Amino acid sequence: MAYKIIASQCTGCSACEPECPNVAIREKNGVFIIDPKKCTECLGHFDEPQCVAVCPVDLTCVIDNAFPRYVAPA
Amino acid sequence: MQANTEHIGIEKGKPLEQLLEKIADHKGCGTSSDGGKASCGSSDGPADMAPEVWEKVKNHPCYSEEAHHHYARMHVAVAPACNIQCNYCNRKYDCANESRPGVVSEKLTPEQASKKVLAVASAIPQMTVLGIAGPGDPLANPAKTFKTFELIAKTAPDIKLCLSTNGLTLPDHVDTIKAFNVDHVTITINMVDPEVGQHIYPWIYYKNKRYTGIEAARILTERQLLGLEMLTAAGVLAKINSVMIPGINDKHLVEVNKAVKSRGAFLHNIMPLISAPEHGTVFGLNGQRGPSAQELKALQDACEGEMNMMRHCRQCRADAVGLLGEDRSAEFTTEKIDEMSEVVYDAETRKAYQQLVESERLEKVAAKEAALAEMSDDEVSDIKILIAVATKGQGRVNEHFGHATEFQIYEMSSAGSKFVGHRRVDLYCQGGFGEEETLPSVVRAINDCHAVFVAKIGGCPRDELKAAGIDPVDRFAHEFIEESAITYFKEYVAKVRSHEIVHEMRGDADIRQGAYISAA
Ligand code: SF4
Ligand code: SF4
Ligand code: SF4
């Protein structure tokens with residue numbers, strides 16, 4: 001139910017951090033990470049995941065297959 | 001502020017240098033009147049330039065060609081995020097708008113940054129300008145940017161604040177910029193036509209959405225121009241940077257020049273694209289070349305009639321410390337800053353230094369005026385030559401040829417001397433021995449010059465420069481640059497007249513590619 005950041009590609013630019021509507025993103029050792037428990041894939045907030053839209057490195061913020069896709073609470 | 005733009009309008013079309021010297025002379029009116037070409041109270045207008053504009057530019061090494069010999073600016077990287085993508089930028093590294101690609105600068109928190117600024121300002125009284133620029137876009141990180149300004153303004157109100165932006169969110173922040181008394185904003189504007197822009201910007205992130213192609217470029221140009229208009233209306237000086245990308249926006253930049261001038265921009269600085277595959281940028285990887293020195297100068301000349309062009313921008317490293325170009329960053333690393341317990345801000349020393357510089361500067365202007373006045377009417381000719389100068393600053397010929405990492409280029413004509421730019425070169429002398437491979441690259445970098453002024457030069461490079469047709473000149477060692485250049489030019493013209501030498505045009509020169517590696 002979440003996006004993740006591929007650490008090896010993250011530049012640490014911090015652009016994604018303030019854009020996340022759920023405050024799911026924070027810095028760890030110079031790169032940024034997403035808390036899967038907080039990430040809602042931006043559903044209900046925006047048309048596209050904000051971290052993906054702002055990230056300068058394509059395919060760095062991606063769906064984390066370790067979790068099922070997020071479903072908005074009814 | 002309406003008044004600013006009007007006064008600039010009166011002076012438009014004159015090189016900034018003339019403008020500033022006129023003001024410098026004007027300031028001298030009360031004390032002495034000899035040699036003053038400026039006509040106080042004459043048709044040039046009561047103030048020549050609004051005093052508040054002069055106050056803003058006179059110590060700003062980015063705006064005043066005079067000042068950049070004496071004063072220093074500093075950039076801190078507190079704002080790493082960006083909201084657009086430029087094809088000349090690889091954001092793993094610095095923002096190419098203000099610094100050279102391929103050099104990583106350290107990220108600082110606003111608290112670290114302000115401490116560093118105060119420490120540097122106390123150690124280096126020349127440091128009068130603090131800029132927030134790349135990597136990233138300061139206005140894509142407004143909280144960090146304005147927090148830094150707030151901390152610095154509290155302790156060191158004499159430091160001028162400036163910031164550089166791609167302009168996308170500028171309209172949202174003009175009020176805050178004004179409130180913080182930021183008096184210089186640089187906007188990088190590479191196009192005013194989305195058709196052109198789509199080849200420079202693959203995407204932007206705006207209002208929670210990613211836009212691509214023409215639509216992205218259209219939004220960007222609208223926001224940039226709106227932001228510029230709002231700055232002008234708020235009385236904040238605005239400088240425009242443009243990156244010249246041959247085949248993409250080189251011809252179009254003349255239009256950009258008109259568009260920004262009509263919206264009240266104070267200066268327009270055209271920089272060459274610096275592009276190489278190892279930078280990992282889109283342009284670097286697809287083989288997009290940068291302009292040659294002659295192409296760049298031709299474009300700058302084409303725009304000059306339109307507005308003050310700035311030619312001394314060196315795309316310096318974003319966190320460079322010290323006199324422009326002279327990289328002292330290593331003295332002030334984050335580690336060393338963190339070790340400093342408390343920084344005592346030395347306002348007194350700074351003031352004393354700045355007064356000293358002011359008198360040096362007036363002396364230099366006077367020396368140049370005197371040399372110019374001696375140039376009698378019959379010396380007027382069409383001859384133009386370029387002179388490369390090795391200098392460490394203070395407006396003097398005071399650098400050894402072998403130690404020079406860059407040359408200042410002056411264009412000489414019967415109208416006088418005009419500063420036209422910098423050329424970066426590899427150190428010719430690495431530890432005392434001239435390295436053979438470097439000399440040809442130095443020659444290539446200044447190949448369009450007739451002479452090179454140095455404080456000192458070895459026998460070997462002297463002969464090779466001569467062989468390349470460049471006159472190595474060390475007899476003006478430690479003299480003022482412009483006075484010396486005028487003397488040299490007069491002699492040159494006289495020799496051409498007496499058929500002792502034949503005046504010939506010189507070839508084109510290279511713009512140094514790649515990241516500059518500090519010699520230290
Ligand atoms: S997808 Fe949206 S909610 Fe999830 S981390 Fe990215 S910005 Fe935050
Ligand atoms: S925007 Fe991308 S590169 Fe920048 S910090 Fe977030 S994940 Fe890393
Ligand atoms: S605005 Fe600066 S940091 Fe952002 S992509 Fe362009 S050059 Fe890079």
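## Salt bridges, interface and ligand shells

B:Glu411 is buried, with a relative accessible area of 10%, where buried means under 20% relative accessible area, exposed over 50% and partly exposed in between (1.4 Å probe, protein chains only). The model is predicted, so that local features need pLDDT of at least 70 and side-chain atom pairs count only at pLDDT 80 or more, while totals for chains, interfaces and linings use all residues. Residues are numbered from 1 along each chain as its sequence is written, chains are lettered from A and ligands numbered from 1 in the order in which they are written, and side-chain values use heavy atoms, with hydrogens and water left out.

B:Glu411 forms a salt bridge with B:Lys297, a term that stands for a side-chain nitrogen of Lys or Arg within 4 Å of a carboxyl oxygen of Asp or Glu. This pair links distant parts of the chain, with B:Glu411 in strand E11 (residues 406-413) and B:Lys297 in helix H11 of chain B, 114 residues apart; helices (H or I, at least four residues) and strands (E, at least two) are DSSP runs, numbered from the N terminus.

| Salt bridge | N to O distance |
|---|---|
| B:Glu411 and B:Lys297 | 2.6 Å |
| B:Glu229 and B:Arg263 | 2.9 Å |
| B:Arg210 and A:Asp58 | 3.6 Å |

Between chain A and chain B the count is one salt bridge, formed by the side chains of B:Arg210 and A:Asp58. At this interface, 20 residues of chain A are in contact (heavy atoms within 4.5 Å) with 14 residues of chain B. The two chains bury about 1200 Å² between them, 42% of it on carbon and sulfur atoms, buried area being the accessible area (1.4 Å probe) that two parts lose on being put together, summed over both.

Turning to the ligands, 13 residues surround ligand 1 (a heavy atom within 4 Å), and the closest are A:Cys20, A:Asn22, A:Cys39, A:Cys42 and A:Cys51. The shell around ligand 2 has eight nonpolar, three polar and no charged residues, where Ala, Val, Leu, Ile, Met, Phe, Trp, Tyr, Cys and Pro count as nonpolar, Asp, Glu, Lys and Arg as charged, and the others, Gly among them, as polar.
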